[in-house]
Amino acid sequence: MAERGHGMTITTLDRTFRVPLDHAKPDGETIEVYAREVTRGRTDLPYLLYLNGGPGFPSPRPLGGEGWLRRALTDYRLLLLDQRGTGRSTPVTRHSLAKQGTPQQQADYLKHFRADSIVRDAELIRQQMTSDKWTLLGQSFGGYCAVTYLSFAPHGLSEVFITGGLPGLESTADDVYRLLYRTVVGKNAAHYERYPQDIERAHNVARFLKDNAVHLPNGRPLTVEAFQALGNLLGSATGSTRLHYLLEAPFDGTHLADAFLADVERELSWASSAPLYFLLHEASYARGEGATGWSAQRVRSEFPEFDKDDPLLFTGEMVYPALFDTDPALAPFRETAHLLAHERTWPELYDVDRLRANEVPVAAAVYHDDMYVARELSLETARTIAGARPWLTAEYEHDGLRVSDGAVLDRLISMLRLGEGPGHAG
């Protein structure tokens with residue numbers, strides 16, 4: 001199908017594949033995985049596989065004017081993969097997950113939706129589509145998947161680009177959150193410095209929520225903790241401004257304004273479309289022996305400033321168990337979520353020895369103030385992956401790939417093609 005947008009005509013082709021639910025049981029139950037092939041009419045170019053952020057979000061639907069898309073299609077045929085459980089890839093939804101049976105059966109099913117399974121899907125798809133290696137672009141969680149790919153199937157990769165997605169290789173969820181909470185504190189300080197009037201506004205909303213039972217239009221209780229979750233906005237290029245606009249007029253007389261509550265619901269409404277994100281977020285850090293045990297909640301106790309309301313500190317990309325008590329879209333999976341949080345045995349996601357001997361060219365954008373991926377761990381990983389070329393930049397936030405009009409991807413391509421940029425992690 002040909003589509004025209006912003007002066008560029010793109011051709012898209014739907015592709016579907018059957019893959020094992022459990023790659024250890026290739027003759028067992030299968031699921032469908034969907035990918036959209038995107039070109040500018042040229043089918044002689046090599047493939048670039050794009051793995052989106054998440055976990056739990058489908059690949060973006062191309063409109064034709066995206067800067068990174070234009071840059072990618074100059075050199076590649078693009079394959080936008082809906083990672084298993086998302087979009088058109090046997091999606092995990094409230095209804096489909098309920099069909100898996102008991103909470104334990106649901107938890108066992110969901111264990112097959114982490115990066116290790118996504119990578120094995122991708123490698124099976126590559127083998128069906130081409131005899132050549134392909135290039136991989138991983139954004140955020142997609143970058144985590146890229147490092148898993150480098151660990152277990154590097155023979156399928158010709159080169160790898162990672163944007164805001166170099167994971168800690170041996171860090172625990174607790175290690176990650178201790179670093180991210182510090183970054184979130186800094187994001188709050190920067191926001192209040194930019195918009196000092198928001199200090200009083202946020203404080204007043206928090207005090208009102210402490211003294212009154214408030215519900216969003218969908219029936220979800222708006223607690224102080226839920227209100228603080230709006231801080232997840234602060235990690236994007238325009239997030240601080242969006243939060244400021246949301247806080248401009250929170251009250252209608254002595255009540256919270258209906259428009260404000262509708263806006264809050266919109267910003268917190270991921271659960272209905274992406275339950276996988278909340279169910280597997282902490283599990284994306286789990287490997288080997290040991291449960292995550294609601295790490296974000298436990299580590300938060302080490303940062304008592306988040307329990308005060310003057311000033312109120314907004315939180316970031318943290319999933320708390322209370323979500324499964326209060327959010328109507330997640331409440332059916334409360335017991336399943338607790339089982340996953342206390343699961344003690346997980347497959348390894350990274351092979352450190354193989355990464356130290358890596359031969360695949362890798363270029364990675366590491367964002368200095370990334371609120372979702374700890375810069376310190378990313379740079380350590382860049383030093384571990386042999387030959388990796390990191391680019392540490394404060395010019396962009398975590399969404400640099402999307403908002404830079406192709407500049408971030410172009411820089412990474414140039415780093416490998418022309419040898420530009422640093423070849424080591426600073």
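Is Ser140 buried or exposed in this predicted model? Ser140 is buried, with a relative accessible area of 12% (buried means under 20%, exposed over 50% and partly exposed in between, with a 1.4 Å probe and protein chains only). Ser140 is not a glycine, yet has a positive phi of about 60°, and its place is in the loop between β6 (134–139) and α5 (141–152) (helices are DSSP runs of H or I with at least four residues, strands runs of E with at least two, numbered from the N terminus). Asp405 also has a positive phi, near 55°; this residue, in the loop between α18 and α19 (407–417), counts as exposed at 52% relative accessibility.

A word on conventions: residues are numbered from 1 along each chain as its sequence is written, and side-chain values use heavy atoms, with hydrogens and water left out. As the model is predicted, local features need pLDDT of at least 70 and side-chain atom pairs count only at pLDDT 80 or more, while totals for chains, interfaces and linings use all residues.

Turning to open space, the largest pocket holds about 1200 Å³. Here a pocket is an open set of points on a 1 Å grid over the protein atoms alone, where a 1.4 Å probe fits, with protein on both sides within 12 Å along at least five of seven lines; lining residues have an atom within 4 Å of a point. The volume is the space filled by probe spheres set on the points, which are joined across faces, edges and corners. Of the 43 lining residues, Phe57, Asn232, Trp270, Glu317 and Tyr372 are the closest to the centre of the pocket. Helix α11 gives the largest share of the lining, three residues.

Phe57 also takes part in one of the aromatic contacts. A search of the whole structure finds 15 aromatic pairs (ring centres of Phe, Tyr and Trp, the last by its six-membered ring, within 6.5 Å; planes under 30 degrees apart are stacked, over 60 edge-to-face and the rest tilted). The rings of Phe57 and Tyr277 are tilted, because their planes stand at 45°, with centres 5.4 Å apart. Phe57 lies in the loop between β4 (47–51) and α1 (67–75) and Tyr277 in helix α12, so the pair ties together parts 220 residues apart in sequence. Phe57 is partly exposed at 22% relative accessibility, whereas Tyr277 is buried at 3%. The loop between β4 and α1 is also the place of Pro55, which is joined to Gly54 by a cis peptide bond with omega about 0°.
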